[in-house]
Amino acid sequence: MKHLIAAACMAAASAGMALAEPATGTWKTEPGDSGAYLHVKLAPCGANVCGTIVKVVNSDDTSSQGKPIIWDMQAKGNGSYSGGKIWAPDTDKTYRSKMSLNGNALKVSGCVGPICRGQTWTRIN
């Protein structure tokens, strides 16, 4: 019985990670007003997906490089993720976030109350 419970727990953990896997990789954000954009690496963090800024492009200000930008994003199936947070470097604010994966495009949005903003990121690897 102990082996059966342990196997079920491991299968459940693996299933959660399998749901999270499609969005993993490195993504290019849309350029901001200045033309600068980011490369963000999404990777599993426990059963969820988190993202870190790995490169700042077309900007002399690289202070956000290496910082977390997405955390606790939960896979909901069919390429949908929610329940996480996103940090917007341009405003230095954190928003409730969700993501939707469609091939090599990832729609990322963040909301505070009824106000939302978003981007479509492109997979670069």
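# Reading a barrel and its pocket

User: Which residue in the hairpin of strand 4 and strand 5 takes a positive phi?

Analyst: That's asparagine 78, with a phi near 55°, and the hairpin has 2 residues between the strands. This is a predicted model, where local features need pLDDT of at least 70 and side-chain atom pairs count only at pLDDT 80 or more, while totals for chains, interfaces and linings use all residues. Residues are numbered from 1 along each chain as its sequence is written, and side-chain values use heavy atoms, with hydrogens and water left out.

User: What counts as a strand, and what counts as pairing?

Analyst: Strands are DSSP runs (E, at least two residues), numbered from the N terminus. Two of them pair if DSSP finds at least two bridges between them. Here, strand 4 (residues 68-77) is joined to strand 3 (residues 48-57) by 3 bridges, running antiparallel. Strand 4 is also antiparallel to strand 5, with 5 bridges. Follow isoleucine 70: its bridge partners are glycine 51 and, in strand 5, isoleucine 86. Next along, strand 5 and strand 6 (residues 93-102) share 8 antiparallel bridges, and serine 82 has lysine 98 of strand 6 as its bridge partner.

User: What do the strands build overall?

Analyst: A closed barrel of 8 strands, in the order 1-2-3-4-5-6-7-8, with antiparallel pairing. Neighbouring strands of this sheet are turned by 30° against each other on average, direction ignored. For such angles, axes are lines fitted to C-alpha atoms, and values run from 0 to 180 degrees between N-to-C directions.

User: How do I read a pocket, and which residues lie nearest the centre of the largest pocket?

Analyst: On a 1 Å grid over the protein atoms alone, a pocket is an open set of points with protein on both sides within 12 Å along at least five of seven lines; lining residues have an atom within 4 Å of a point. The largest pocket is lined by 28 residues, with Leu38, Pro89, Asp90, Arg117 and Gln119 nearest its centre. Strand 8 gives the largest share of that lining, 4 residues.

User: What does it mean for a charge to sit over a ring?

Analyst: NZ of Lys or CZ of Arg must be within 6 Å of the ring centre and within 35 degrees of the ring normal. In this model, lysine 28 lies over the face of tyrosine 37, at 4.6 Å from the ring centre.

Key. 1 Å grid on protein atoms, 1.4 Å probe; cavity = no way out; pocket = protein on both sides within 12 Å on 5 of 7 lines; lining within 4 Å.
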